[in-house]
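Here is a briefing on one structure. Look it over, then read the points below by topic.

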Amino acid sequence: MHLNKRMNQNERVSAFAQLGAVLSGNLESGSYDALLSKAYFENQWFTKENSKNAILSISNNFLNKEKIEKWLSAYPLPEQNNTPKTIGLVMAGNIPLVGWHDLMCVLISGNKAQVKLSSKDKILSKLLIDELIRIAPAFEDMIELTDKPLNNFDAIIATGSNNTLRYFEYYFGKYPHILRKNRNSIAVLNGEEDEATLKLLGEDIMAYFGLGCRNVSNIFVPRGYDFKAFFEANEPWNKVLEHNKYANNYMYNKSILLLNKEKHLDNGFLLLRESSVLPTPVSVLNYQYYDTINQVEDFIKTENENLQCIVARPDQIAGSVNFGQTQKPELWDYADGADVMRWMLGL
C-alpha cells in the first residue's frame, strides 16, 4: 500500500488524462499485444480488434482532459473529498471494459472502489487499473479488487442480467444502490438512409458481435422497406464468420429458424426476422414495420425500462443517438440514464 497524500480533484483529472495518453501510445506495443492475446485466450469474444477498439474508445472519449473537465463541471464536487465513501462495484463482462465508466466515476470523485471484476474481463480491466496506479500511486489506496463477496461498503453499483438482478436485489437492496439488468437498443429508419448511414448502423448492430446493451438488436422500418441497400452496405461485416463462436451461433440460429419454418432474411452472416422482441441471440436482428412514427413512439414508451439507446435522426426521435455512435459513449452518457456522479453526491 502507498501512504501517499490524498489526491485533489485536479490531480485525479490529470492522472486520468495521462492514462489516456499511455493507453493510446502503448496499444501497439509488444507488452500490450501479449495481454490482448491473453484476454482473447480467456474469453474468445474479446478479439484483439475488439479489445483495441474498446481501449481506443475509452482513451478518446473518457480519458480526454477537456472532456473530463466538461463532464465534471456539471457537479458541485469539492476540490478535496475529505469524507470518501466506499462504493462496491459488481462489473459485467459482456464486452471489453464495459465496467470502466463506473470505476472512473467512483475514483475521479475521490471515493474508494471495492471491485468484483467479471471473470470474463479481468485482464483488460487490470491493465487499465495497473497503468493508472503506475501514473498516480495514491490510487492504490482507493481500489480494492476482490473475488470474494463484497462487504463493508457504503453503496453498491451492480450490473448483470435479468436473472442476477433478483440476486442483486436480495443481497444489496438494503444499501444505497444502482442495480442494472439486461437492456437492448433499437434503431428507427425512415427508408431514405444513404449507404454511409447504413454502414454506421451496421457498426451499431455488429460491433463487439452485438453483445453489448448499446448494440442495436431491433430496427423499425417503414412498411414495404427493401432491405437490399442495408445488406449491401454491411457486406464487409461478413468477416465475423471467421470467428468460430460467431459462426457457430449463426449456423445454430439459422437451423432453428429453418426447422420452425419461421420466415426470415439471410445475408450469409446475419439473420433478420420480423419480431417485436428486444433481446436477440448472437447473429439475429429483429425488425418491425411501422406505418406512422406514433407507433414507434408508443413502443418506446412501453419498453422504456428495457431500452438503452435509440438510434435515429434527431428530428425524428427526441433524445436519440446518432447512427454509428452507440458503442462510442461520452462520459455523460450514463448506462440506464442513471447519473452515477449525481447519485454519489447524495450519499
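Cys309 is buried, with a relative accessible area of 2%; buried means under 20% relative accessible area, exposed over 50%, and partly exposed in between, using a 1.4 Å probe and protein chains only. The model is predicted: local features need pLDDT of at least 70, side-chain atom pairs count only at pLDDT 80 or more, and totals for chains, interfaces and linings use all residues. Residues are numbered from 1 along each chain as its sequence is written, and side-chain values use heavy atoms, with hydrogens and water left out.

**Cysteines**

- The structure holds zero disulfides, a disulfide being a pair of cysteine sulfur atoms within 2.5 Å.
- Cys309 is in no disulfide, and the nearest cysteine sulfur, in Cys213, is 7.0 Å away.
- Cys105 is buried too, with a relative accessible area of 0%.
- The closest cysteine sulfur to that of Cys105 is also in Cys213, but at 15 Å it is too far for a bond.

**Nonpolar cores**

- The largest nonpolar core has 90 residues. Such a core is a set of buried Ala, Val, Leu, Ile, Met, Phe, Trp, Tyr and Cys residues joined through side-chain atoms within 4.5 Å.
- Phe16, Trp71, Trp100, Met104, Phe139, Phe230 and Met341 have the most contacts inside this core.
- A second, separate core has 12 residues, including Ile186, Val188, Phe220 and Phe299.
- Phe230 touches Leu198, Leu201, Ile205, Tyr225, Leu270, Leu272 and Leu285, not counting residues up to four places away in sequence. Contact means heavy atoms within 4.5 Å.

**Helix H6**

- Helix H6 covers residues 123-135, 13 residues in total. Helices (H or I, at least four residues) and strands (E, at least two) are DSSP runs, numbered from the N terminus.
- From first C-alpha to last, H6 reaches 19 Å, close to the 18 Å expected at 1.5 Å a residue. The expected span is 1.5 Å times one less than the number of residues.
- Among the buried residues of H6 are Ile123, Leu127, Ser125 and Glu131.
- The buried residues of H6 pack against helices H1 (9-26), H2 (30-42), H3 (48-61) and H5 (100-108), and against strand S3 (143-145).

- Strand S1 (residues 86-90) runs parallel to S4, joined by four bridges. Two strands pair if DSSP finds at least two bridges between them.
- Ala155 in S4 is the bridge partner of Ile87.
- S4 and strand S5 (residues 177-180) also run parallel, with four bridges.
- Thr159 stands opposite Arg180 in S5.

**Six-stranded sheet**

- An open sheet has six strands in the order S8-S9-S10-S7-S6-S11, with mixed pairing.
- Strands S8 (265-266) and S11 (307-311) stand at the edges with a single partner strand each, so one side of each is left without a neighbour in the sheet.
- Strands S6 (residues 184-188) and S7 (residues 216-222) run parallel, joined by four bridges.
- Ile186 stands opposite Asn218 in S7.

**Two helix residues**

- Ser57 is found in helix H3 and is buried at 15% relative accessible area.
- Leaving aside neighbours within four places in sequence, Ser57 is in contact with Phe62, Gln327 and Lys328.
- Lys70 lies in helix H4 (residues 65-72) and counts as exposed at 55% relative accessibility.
- Lys70 and Trp332 are 262 residues apart along the chain, yet their C-alpha atoms are separated by 9.3 Å.
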